[in-house]
Amino acid sequence: MTTVINVPPSLDDRTFETILQQLAPLAPDEKVLLDARHARWASPYGLTAMLVLAQTRAERPAFYAPEAEDTASYWARAQFFRYAEGLFEMHGSVPRARAATESDVLLEITPVSKSEDVHEVVGRIQSKAQAILAKELNLDPRATMGFAMTLSEACQNIVEHAGRGGWVAVQTYRWQKRLGRRVVQIAVCDAGVGFRQSLESAQGRRGGERWDDAMALEDAVIRSVSRFRDAGRGQGLAGIRRYVGRWEGKLSIRSGTARIAIVPSWDEDVPLEEQLPPFPGAQVLITIPERSTPR
Amino acid sequence: MINHIDLGTVLRKTVCDLYSDLVTRPTGAAVRTGIEQQLAEAKDRTLTVIDFTHVGLLDFSCADEIVAKLLVSYCEPSGDRPGSGRVAPPRDCYFLFKGVSDSHLDAIDAVLQRRGLALVAKGDDERLLLIGTVDDRERRAWEAVTRLGRAVPADIAMEVGVEEPQAESLLATLSRRRLIMRFDEGYVAVGAGP
């Protein structure tokens, strides 16, 4: 029996939770079909998280592509179908993959599993980021290098900790309802071991101590704890936090059944969510908003 | 003896001849190994200029692998004391960092602060800069040595406003941290020359 999982019309980090809620009661080897026929839009988080979802299923899932031509075409330009075809049984009309030409796709979906992938991602992002961050988002030109550093560190979390490959995508778009401004978003998602298991591997926690996904996220993100004993470890997330703070951005990381967020004044998110539907690995979302006046 | 190490060249030789960005820990570890191989050839006291001019991006992980771990290997942080069990530096090496951009500086300063380290960099205007973790008196003493060109404890006592034994202790600390070099009875700032 195949269970149909409905993909919401607008798919982002928040609405992706409805997919996970539908999946929660199912066994990992149960066949599922992700029905995206009525999807109209997806953020980089939504697209990369769907690929990760496919990686987590024991039985190869099926996928129904969006019916709206412009939506399917956009997902193709973001290279979603290129990788989805290797992970899902595809149904519906799947446009042929084309190179991303739209200026709002800063980095199409790119697999990350090793150090060389990070070099490639960083190399590809820099020239585009320079133009878009400064001209369209009114960010200080100094923000560009920090942006690439942030991207590099976020991708390295996969290489260093996940234990299996993941995906990264970067895109700018207008957040009309939530912010009324343009934003650039970095999504880095993997189906690896997640923060709790990664930290467990080196910490030898005492029995009876409270220890869960939320605590692991707090340790890693707030206290810069790493599974490595080396004092220099744990700087990647600390650097991302500093960058996000400097440019009034938002950092959100979901792992297992919890999600932690560094919430800027323009957002109403909660800093920590627990008891979410389980989802393996780690899903990182970094949002940098347009500055209202050039700086 | 003065060594000049172009990090862009080391990166291309040790990792990939297409790269210009110093990102990821494996890349940083490979570049540091390349630097250490060059340093191993030195016999006596050396000043090594680490040149970032041809480096694009430097991320935190790579800065930690290259800059911080190099300093940890070759310098004795201020907290270390004789008898602490710490292995002595393999060579009498001093480092001067040049071609450091603002974005490089962000990463370097962060990793130095994290490990309680400091280094001397030469700015585009040839001025020497002290970067990282130093307390106020250490900074004033270093600035005085840099300004004077060559200094003895009595000079620093006067400049910083401390007793001579304290000045001597400050200079010894800065010397251990490889931020100034001792020549006979006097000290000069790294990068200022004897």
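Analyst: We can start with burial in chain A.

User: What percentage of the 295 residues of chain A count as buried?

Analyst: The model is predicted: local features need pLDDT of at least 70, side-chain atom pairs count only at pLDDT 80 or more, and totals for chains, interfaces and linings use all residues. Residues are numbered from 1 along each chain as its sequence is written, while chains are lettered from A and ligands numbered from 1 in the order in which they are written. A residue is buried if 20 or more other C-beta atoms lie within 10 Å of its own, exposed if 12 or fewer do, and partly exposed in between, with C-beta atoms placed from the backbone. Of the 295 residues of chain A, the buried part is 48%.

User: How many helices and strands are there in chain A?

Analyst: Helices (H or I, at least four residues) and strands (E, at least two) are DSSP runs, numbered from the N terminus. Counted in this way, chain A has nine helices and 13 strands.

User: What is the radius of gyration of chain A?

Analyst: The radius of gyration is taken over C-alpha atoms, and the globule rule is 2.2 Å times the number of residues to the power 0.38. For 295 residues the rule gives 19 Å, and the value for chain A is close to that, so chain A is as compact as a globular protein of that length. The C-alpha trace of chain A spans about 50 × 50 × 35 Å along its principal axes. The radius of gyration of chain A is 18 Å.

User: Is Phe195(A) buried or exposed?

Analyst: Phe195(A) lies in helix 7 (residues 194–203) of chain A. Within 10 Å there are 30 other C-beta atoms, so Phe195(A) is buried.

User: Which residues does Phe195(A) touch, not counting residues up to four places away in sequence?

Analyst: Two residues are in contact if their C-beta atoms, placed from the backbone, lie within 7 Å. The residues that Phe195(A) touches are Asp213(A), Ala216(A), Leu217(A), Ala220(A), Ser255(A) and Ala282(A).

User: How do helix 5 of chain A and helix 6 of chain A lie relative to each other, and what is the angle?

Analyst: Axes are lines fitted to C-alpha atoms, for helices over the stretch in contact, and angles run from 0 to 180 degrees between N-to-C directions. Angles under 35 degrees count as roughly parallel, over 145 as roughly antiparallel, 65 to 115 as roughly perpendicular and the rest as oblique. The axes of helix 5 and helix 6 of chain A are 9 Å apart, at an angle of about 150°. The angle makes helix 5 of chain A, relative to helix 6 of chain A, roughly antiparallel.

User: How many nonpolar residues are in the contact of helix 5 of chain A with helix 6 of chain A?

Analyst: Ala, Val, Leu, Ile, Met, Phe, Trp, Tyr, Cys and Pro count as nonpolar, Asp, Glu, Lys and Arg as charged, and the others, Gly among them, as polar. Among the residues of this contact are Val118(A) and Ile125(A) of helix 5 of chain A, and Phe147(A) and Leu151(A) of helix 6 of chain A. The contact has six polar and no charged residues, and its nonpolar residues number 13.

User: Which helix of chain A gives the most to the side that touches chain B?

Analyst: The contact between the chains takes 20 residues from chain A and 20 residues from chain B. Helix 5 (115–136), helix 6 (142–162) and helix 9 (235–246) of chain A each supply at least two residues of the chain A side. That side has seven nonpolar, eleven polar and two charged residues. With nine residues, the helix of chain A that gives the most is helix 6.

User: What is the radius of gyration of chain B?

Analyst: Chain B has seven helices and seven strands, and buried residues make up 43% of its 194 residues. A compact globule with 194 residues would have a radius of gyration near 16 Å, which agrees with the value for chain B, 17 Å.

User: How does helix 3 of chain B lie relative to helix 4 of chain B?

Analyst: Helix 3 (residues 60–74) and helix 4 (residues 102–115) of chain B pack with their axes 9 Å apart, at an angle of about 55°. Their contact has ten nonpolar, no polar and two charged residues. The angle makes helix 3 of chain B, relative to helix 4 of chain B, oblique.

User: Which residue with a positive phi follows helix 6 of chain B?

Analyst: Helix 6 (residues 153–160) of chain B has buried residues including Ile156(B) and Val160(B). Their cover includes helix 5 (136–148) and helix 7 (164–176) of chain B. The residue after helix 6 of chain B, with phi near 80°, is Gly161(B).
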